[in-house]
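Hi,

Here is the structure I promised to pass on. Have a look at it first, and my notes follow below.

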Amino acid sequence: EKFLTGVALAHESGNFNMHALCNEGFYRHLMRLKEKQKAKHYLKTAITSFSDWGAMAKVKRLQMEMKAVYGSSGEESTDMSTSRTMSTSREYTTRMDSGLTLQKYFSG
């Protein structure tokens with residue numbers, strides 16, 4: 001449940017890094033529970049969020065994992081997000097205060 005709360009809070013605040021990490025964490029949690037099809041959505045969302053954040057090495061690593069697990073790399077989910085990275089990163093810097101609130105939520 002904390003994963004889903006984290007995903008929602010990070011999305012609302014525009015905190016790409018936390019959104020990416022929460023989605024990846026929930027993907028891994030669902031995979032441990034053998035919920036492979038449900039997990040796919042969270043992996044795709046993690047890839048998109050890491051791309052929005054500009055963490056392209058992580059995007060490539062997760063795309064390789066997606067290809068190994070699902071037979072596709074998930075590149076289609078990052079094509080649009082790569083073009084938005086510059087504009088959304090400016091928006092991200094204006095939302096840093098929300099990110100601090102989110103960090104307090106997870107550490108407390």
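The protein chain has six helices and zero strands, where helices (H or I, at least four residues) and strands (E, at least two) are DSSP runs numbered from the N terminus. Please note that this is a predicted model: local features need pLDDT of at least 70, side-chain atom pairs count only at pLDDT 80 or more, and totals for chains, interfaces and linings use all residues. Residues are numbered from 1 along each chain as its sequence is written, and side-chain values use heavy atoms, with hydrogens and water left out.

Of the 108 residues in the protein chain, 41% count as buried, that is, under 20% relative accessible area with a 1.4 Å probe, protein chains only.

Now to the packing of H3 (residues 36–53) against H4 (residues 56–70). Their axes (lines fitted to C-alpha atoms over the stretch in contact) lie 9 Å apart, at an angle of about 160° on a scale from 0 to 180 degrees between N-to-C directions. That makes H3 roughly antiparallel to H4, a label for angles over 145 degrees.

Phe26 sits in H2 and Tyr42 in H3, 16 residues apart, and both are buried.

Best wishes

How values were computed
Buried < 20%, exposed > 50% of the residue type's maximum accessible area, 1.4 Å probe, protein only. Parallel < 35°, antiparallel > 145°, perpendicular 65-115°, else oblique.
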